[in-house]
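Hi,

Here is the structure I promised to send you. Please have a look at it first, and then read on for my notes.

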Amino acid sequence: MPSAIDAAGWRFDNSYTRLPPGLFTRSTPVPVRRPGLVYLNAPLAVALGLDAAALAGPDGAAVFAGNTLPPGADPIAQAYAGHQYGHFTNLGDGRAILLGEHLAPDGSRHDLQLKGSGRTRYSRGGDGRAALGPMLREVLISEAMHALGIPTTRSLAVATTGEAVLREEALPGAVLVRVAASHIRVGTFQYASAVADPALAPALLAHTIRRHDPRLAEIDEPALAFLEAVIDRQAALIARWMQVGFVHGVMNTDNMAVSGETIDYGPCAFLDAYDPTTVFSSIDRQGRYAWANQPGIAHWNLARLAESLLPTISGDAETAMNRISTVLATFPARFARHALAGWRAKLGLLTAEDGDQALVTALLAAMEGIGADFTATFSSLATAAEALAAAPPFDAGPLADWCAAWRTRLGRQPQSLADVAALLRRTNPLVIPRNHRVEEALAAAAAGEMAPFEKLLDAVTHPFTDTPANRSFRDGAPSGCGPYRTFCGT
Ligand code: AMP
Ligand code: MG
């Protein structure tokens with residue numbers, strides 16, 4: 001008789017394991033002492049065609065902790081390299097195992113990865129493990145990003161290990177089950193082009209195109225078109241991040257997925273008061289990955305991808321370099337186009353005018369001047385738009401001048417203020433994972449109390465809904481909190 005786990009709906013087809021062996025190492029998760037399930041994303045499980053009820057018990061905990069392999073899994077650690085803070089290093093999955101690629105009922109393909117599952121060939125000095133707090137943090141932020149409509153890896157489950165991990169102190173250990181379109185990074189291409197085997201880069205490229213850009217599979221020399229597709233996805237993604245005040249915090253080339261999904265939630269955080277120079281990561285002392293620097297860094301990372309694709313482009317080196325530089329140079333204009341479209345929606349603009357970028361810039365400058373809360377300012381625009389119709393007009397306080405210009409601009413589009421307010425309400429979230437709330441929830445979870453985490457998760461996964469339950473999660477940090485810092489010691 002098949003066990004409940006065998007019947008849980010797993011459907012693996014592990015195409016990455018059919019690539020040349022230089023790109024990965026077969027490795028199994030290191031079993032943990034006492035698997036326990038602290039989080040299961042039941043709606044995601046169902047969307048993947050998995051039996052959430054079967055996975056909610058001890059059998060599910062054993063799979064998610066890495067003690068039992070689901071049928072069809074063929075676990076590997078992937079090799080990759082990366083520029084970390086500008087310096088090139090060989091990395092690879094040092095504490096993650098790709099169980100395999102699961103096919104959902106709609107035919108879509110999803111990497112299922114265990115993060116914190118023990119040492120691998122690529123662990124270097126690390127213990128291969130993860131602490132509960134950072135894994136729950138990844139759940140909160142990734143699921144919030146998904147609810148905000150931003151492409152991201154997802155979080156299927158978190159299992160505790162019953163073992164301590166030693167960081168600055170002993171912390172409860174955990175494994176996160178991450179779901180991704182793939183885990184192919186800019187750094188994966190850097191690795192493939194840096195090793196001696198000339199077959200790796202073309203094989204990786206062909207695989208990645210089949211997976212993420214199948215429409216390019218038929219064209220003659222797809223490297224340039226692939227680069228263009230990745231550039232466009234990243235330009236769109238970074239614009240989306242910035243428009244919810246998200247700072248990734250560690251945009252190294254190994255943390256940039258070619259699928260265009262946000263990946264690797266380490267020292268990331270969301271702005272409270274708007275300040276474009278905001279950095280959260282305690283180790284980012286130069287502000288390399290500050291909010292406003294993210295497009296420039298993405299462009300720099302994409303240049304590393306472009307270089308890695310050179311061996312897959314025919315012709316002499318100079319011609320190849322020229323062709324690839326031309327494609328790379330489209331990033332700033334693509335970013336500007338995606339960003340402006342997004343800002344227009346955030347301001348309720350349903351038509352396009354030349355002065356729109358200036359209107360955005362003026363609002364951001366005014367917000368910076370008064371230290372306005374990023375999320376609260378944008379989410380107040382819907383009510384403000386409705387109030388514009390009323391006489392006398394409302395008092396916009398320090399944003400009065402900007403509001404007057406906005407009102408004039410709205411008056412030049414044919415749509416009603418009700419239409420404007422509706423657009424504003426679906427574009428500007430009421431709730432984001434506020435840093436002080438995240439810390440509060442994680443501190444409680446570390447003490448064995450999961451209710452604050454569950455309440456916060458519920459609020460941030462319904463970011464556009466005005467409910468009594470999420471109302472209490474909208475306020476900014478209490479004054480006197482000081483600058484927020486996140487730590488890489490994950
Ligand atoms: P990250 O900062 O999480 O993007 O990780 C950068 C690199 O360090 C990746 O190759 C990780 O696999 C590796 N790494 C991070 N933490 C650990 C750990 N505790 N043990 C082994 N490798 C790790
Ligand atoms: Mg990483």
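Which residues coordinate the magnesium ion (ligand 2)? The ion is held by Asn 255 through OD1 and by Asp 264 through OD, at 1.8 to 2.2 Å. Please keep in mind that this is a predicted model.

Both of these residues are buried: Asn 255 has a relative accessible area of 10%, and for Asp 264 the value is 14%. Each counts as buried because its value is under the 20% cut-off.

The two residues also turn up at ligand 1. Asn 255 is among the residues that come nearest to ligand 1, along with Gly 92, Gly 94, Asp 127 and Gly 128, out of 17 around it. Asp 264 places a polar side-chain atom 3.3 Å from an oxygen atom of ligand 1. Arg 124 also has a polar side-chain atom by an oxygen atom of this ligand, at 3.1 Å. With Arg 129, a polar backbone atom is involved, 3.3 Å from a nitrogen atom of ligand 1. On its own, ligand 1 has 480 Å² of accessible area, and the protein covers 80% of that. Its shell is made up of eight charged, seven polar and two nonpolar residues.

Best wishes

Methods: Residues numbered from 1 in each chain as written. Chains lettered and ligands numbered in written order. Predicted model: local features only at pLDDT ≥ 70, side-chain atom pairs only at ≥ 80, totals over all residues. Heavy atoms only, no water. Near = heavy atom within 4 Å. Polar contact = N/O pair within 3.5 Å; in protein donor to acceptor, adjacent residues only side chain to side chain. Areas by Shrake-Rupley, 256 points an atom, 1.4 Å probe, with all protein chains shown as cover. Nonpolar A, V, L, I, M, F, W, Y, C, P; charged D, E, K, R; others polar. Donors = N, O, S within 2.8 Å, 3.2 Å for Na, K, Ca; no water. Buried < 20%, exposed > 50% of the residue type's maximum accessible area, 1.4 Å probe, protein only.
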